[in-house]
Amino acid sequence: MTDLTELGIADIRSGVAAGTFTAVEVAEAFNAAVAAAQPALNAFIVTTPEAALAAARKVDTARAAGQPLGKLAGVPIGMKDLFATKGVQTTAASRILEGFTPEYESTVSQNLWNAGAGMLGKLNLDQFAMGSSNETSAFGNVISPWRRPGDTAPLAPGGSSGGSSAAIAARLCPAATGTDTGGSIRQPAAFTGIAGIKPTYGRCSRWGVVAFASSLDQAGPMARSVQDCAIMLEAMAGFDPKDSTSLNLPVPAWEAGLNPSMAGKKVGIPREYRLDGMDPDVARSWDDGIAWLKDAGAEIVEISLPHTRYALPTYYIIAPAEASSNLARYDGVRYGLRDLPDGAGLQDMYAATRAAGFGPEVKRRIMIGTYVLSAGFYDAYYTQAQKVRTLIARDFELAFQHCDVILAPTAPTAAFALGEKSDDPLAMYLNDVFSVPASLAGLPAMSVPAGLDRQGLPLGLQVIGRAFDEQGVLNAGLALEQRAGFTAKPAKWW
Amino acid sequence: MSVDTATVTKIASLARIKVSEAEVAAMVPELNGILAWVEQLGEVDVTGVEPMTAVIPNTLRLREDAVTDGGIRDAVLANAPAAEHGFFGVPKVIE
């Protein structure tokens, strides 16, 4: 019999619908894979095998009764632990939320359950999604299933959606939710040889998603193929009156619209992304991508995004500023941790609770955010950053007058080892150099596996599209995927 | 602009995060490194540029002025570290 854990969304869906196997068999196979890998990879904060089975039984019963099946019927998925799940601990990988058991369900997760998906567990992540390596989680590092050949040094699965990326690459789940604030879907996807798309800001509801930087946060799917991403994004997206920035637009039929022909399309290559001292493997992989899209019929044009170099500093003002406001809610009163030293008053309790509950990177960002928003500095930092953000978005608007999609690397290097960058916040921040600009402009962007570098580690290629044009992004992603022929997977050591 | 020990202590107090002297000492160079790096934004000419308010043009919706939920006190309090008599419990704030 086929190893069910090797199957993606599309194959599971059709196999369940055809009766080749049952949804319960699929859930059992993935539950077993999750349990076996958990001690070594630590991809999950909590596992919920019974939830996966319950959802699968419902699908099998519905099928037996001849009822119509949802888009994700019988597909067990991992849920990033940033989505509130009713009755299941939701922590954002922070001690300050340890034990928090939501009384409600996030819109995105509810949409997925409505489509017939089941939950294998809550996936580990960087604390409050702040990080690029998963090393800021209060629940331990996630270990990438990938290793350098002949080397057992643990590698970063990327971040912040590092539990998601590790679990998918290790075949612990066929797909998972991610969230992307400055690259947190795309960079981990690139590091682990999988695909992931951040849709246009507002496509997926933020309701019930633990907030980091609200003007940037956007949920999206991570999976092993472009088609699987399209299927899952259709199930996740949709207008939600409970999110004030939700887009009131119908959800396009992205899966049905998939088309790998790039005939008549122009692909922009931003000259500012060609950095001095660029990793030669990354540069080569980018050239491969250009050749593949040309082969698919596209015309390649050079474009300019002149404010690219200001994107990271802009992001590291705006995101911490929003985080410092959003995280003000963790006060030890309504939910989560409370640290009440003897004889402490209310203010002391707030300060002690937040000192005990937040990790160092979260504190660092709250401090930066508090400073740039404080009286006397607001205009110099925050207003200036919002103005530069306007210029960055304008760069993209002008570029899209000359091209339909933009092709760039996803990350400046392949995965690095744990500990390699964790002592230097700035070195870690630079990992997002190619992913942050699209986030600041709210544009849809995806990473697809492009090949391996000389160490045998995956590299990703990034496609950035016009606002609302997820279809164009997915189609270019499909054209790349078909030509990259990426079949590498981590050798099982866990 | 750079921050010193006193400024970092003040920011921590504004952010309601208790910090020890050793933590402040460690944060000063870290925050200064990040601030020096973000300050390169100052060189961008932003004459006549509006600060961004909405990344994707959208209008703020108004909903019916109607009660849409309520009567869920126990659910609201379910995760509170100290809930008493149907209220959130906090340390005494009035002397």
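At what angle do α11(A) and α1(B) pack, and how far apart are their axes? The views below take up that question and its surroundings in a predicted model, where local features need pLDDT of at least 70, side-chain atom pairs count only at pLDDT 80 or more, and totals for chains, interfaces and linings use all residues. Residues are numbered from 1 along each chain as its sequence is written, with chains lettered from A and ligands numbered from 1 in the order in which they are written.

**View 1. Helix α11(A) meets helix α1(B).** The angle is about 100 degrees and the axes are 9 Å apart (axes are lines fitted to C-alpha atoms over the stretch in contact; angles run from 0 to 180 degrees between N-to-C directions). The two helices are therefore roughly perpendicular, a label for 65 to 115 degrees. Look for M367(A), T370(A) and Y371(A) on α11(A), and I11(B), A12(B) and L14(B) on α1(B). By class, this contact has 5 nonpolar, 1 polar and no charged residues.

**View 2. Chain A touches chain B.** Here 56 residues come from chain A and 40 residues from chain B, where contact means C-beta atoms, placed from the backbone, within 7 Å. On the chain A side, α12(A) gives the most, with 11 residues (helices are DSSP runs of H or I, at least four residues). That side divides into 31 nonpolar, 17 polar and 8 charged residues (Ala, Val, Leu, Ile, Met, Phe, Trp, Tyr, Cys and Pro are nonpolar; Asp, Glu, Lys and Arg charged; the others, Gly among them, polar).

**View 3. Confidence in chain B.** Its mean pLDDT, the predictor's confidence in each residue from 0 to 100, is 93, and 99% of its residues reach 70 or more. The model scores ipTM 0.95 and pTM 0.97.

Technical notes: Contact = placed C-beta atoms within 7 Å. Parallel < 35°, antiparallel > 145°, perpendicular 65-115°, else oblique.
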